[in-house]
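Have a look at the structure first.

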Amino acid sequence: MLESAFDGFGFFPVLLTQVMIRLGSIDQPIMHCTFANNPMSVPSTSAPIHVIGLYCALSFDEGETFAVRRTITDDFSIKGHSQQGFDGKNFTMSYNQGEPDGYMAATVSSDGMIHLITSRNHYAFNLAWLNTTASPPHE
C-alpha cells in the first residue's frame with residue numbers, strides 16, 4: 001500500500017488522490033479532502049458516525065491538526081441511493097458513505113462556495129456547512 005504524506009495527521013493512506021487547498025485568504029482554514037478506505041469515526045450531534053469514502057477535513061492551525069472532518073455526500077439517509085463512481089461501478093451514497101475513489105480538484109468561487117469535483121461527481125458546499133457537526137441520519 002502506498003504511504004500518504006499525511007499519515008502523521010491521522011489520514012488513511014490512499015491509492016489515488018487527495019487535495020489540499022486554502023479556503024481564501026491566509027486567515028482562512030486549510031481544507032484537505034481524501035478517501036477513507038477503512039471506516040473512520042467522525043463526530044455527529046448524537047453519537048460518532050463511522051464513515052467510509054470521500055470526506056474533507058479542516059485545519060485552523062496551518063495544518064498542525066485536522067480536527068473537523070465531514071463525509072461529502074448528498075444523501076443523509078440511512079438507506080442511501082445508488083450512485084455511479086469513478087470506475088463506472090455503482091456505490092451506495094448515504095449519511096456515512098461517500099464516493100469510494102477517484103481523482104479530484106477543488107476551488108472556492110467568489111461567492112464563497114467550495115466546489116469539489118471528482119472523476120464522476122460535483123459537490124458544492126460552503127465553509128459553514130463543512131465546519132458544522134453532522135446531524136444523525138434520517139429515514
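Predicted model: local features only at pLDDT ≥ 70, side-chain atom pairs only at ≥ 80, totals over all residues.

## Ground rules

Residues are numbered from 1 along each chain as its sequence is written, and side-chain values use heavy atoms, with hydrogens and water left out.

## Overall layout

The protein has one helix and nine strands. Both are DSSP runs numbered from the N terminus: helices are H or I with at least four residues, strands are E with at least two. Along the sequence the pattern reads β-β-β-β-β-β-β-β-β-α.

Of the 139 residues, 41% count as buried. Here buried means under 20% relative accessible area, exposed means over 50%, and partly exposed is in between, with a 1.4 Å probe and protein chains only.

## Strands and pairings

Strands β7, β8 and β9 make an open sheet of three, in the order β7-β8-β9, with antiparallel pairing. Two strands pair if DSSP finds at least two bridges between them. β7 (104-108) and β9 (122-126) are the edge strands; each has a single partner, so one side of each is left without a neighbour in the sheet. From one strand to the next, the twist averages 15 degrees (axes are lines fitted to C-alpha atoms, for helices over the stretch in contact, and angles run from 0 to 180 degrees between N-to-C directions). Five bridges join β7 to β8 (residues 113-118), and T107 has H115 in β8 as its bridge partner.

Then there's the hairpin of β5 and β6. Strand β5 (residues 81-84) pairs with β6 (residues 90-93) in the antiparallel sense over four bridges, and S82 stands opposite T92 in β6. Five residues sit between the two strands, and G88 takes a positive phi near 85 degrees in this hairpin.

## The disulfide

A search of the whole structure turns up one disulfide, a term used for a pair of cysteine sulfur atoms within 2.5 Å. C33 and C56 form it, with their sulfur atoms 2.2 Å apart. The pair links distant parts of the chain: C33 belongs to strand β2 (residues 30-42) and C56 to strand β3, 23 residues apart. The link is right-handed, with 100 degrees about the S-S bond.

Are these cysteines buried or exposed? C33 is buried at 0% relative accessible area, and C56 is buried too, at 0% relative accessibility.

## The cavity

The structure holds one cavity of 30 Å³ or more. On a 1 Å grid over the protein atoms alone, a cavity is a set of points where a 1.4 Å probe fits but cannot get out, and lining residues have an atom within 4 Å of a point. The largest cavity contains about 90 Å³ of space; grid points are joined across faces, edges and corners, and the volume is the space filled by probe spheres set on the points.

Its lining includes V42, F76, Y95 and P137. β3 (49-59) and β4 (68-71) each supply at least two lining residues.

## A loop residue

E62 lies in the loop between β3 and β4. Its phi is near 60 degrees, a positive value in a residue other than glycine. E62 counts as exposed, at 51% relative accessibility.

Notes:
1 Å grid on protein atoms, 1.4 Å probe; cavity = no way out; pocket = protein on both sides within 12 Å on 5 of 7 lines; lining within 4 Å.
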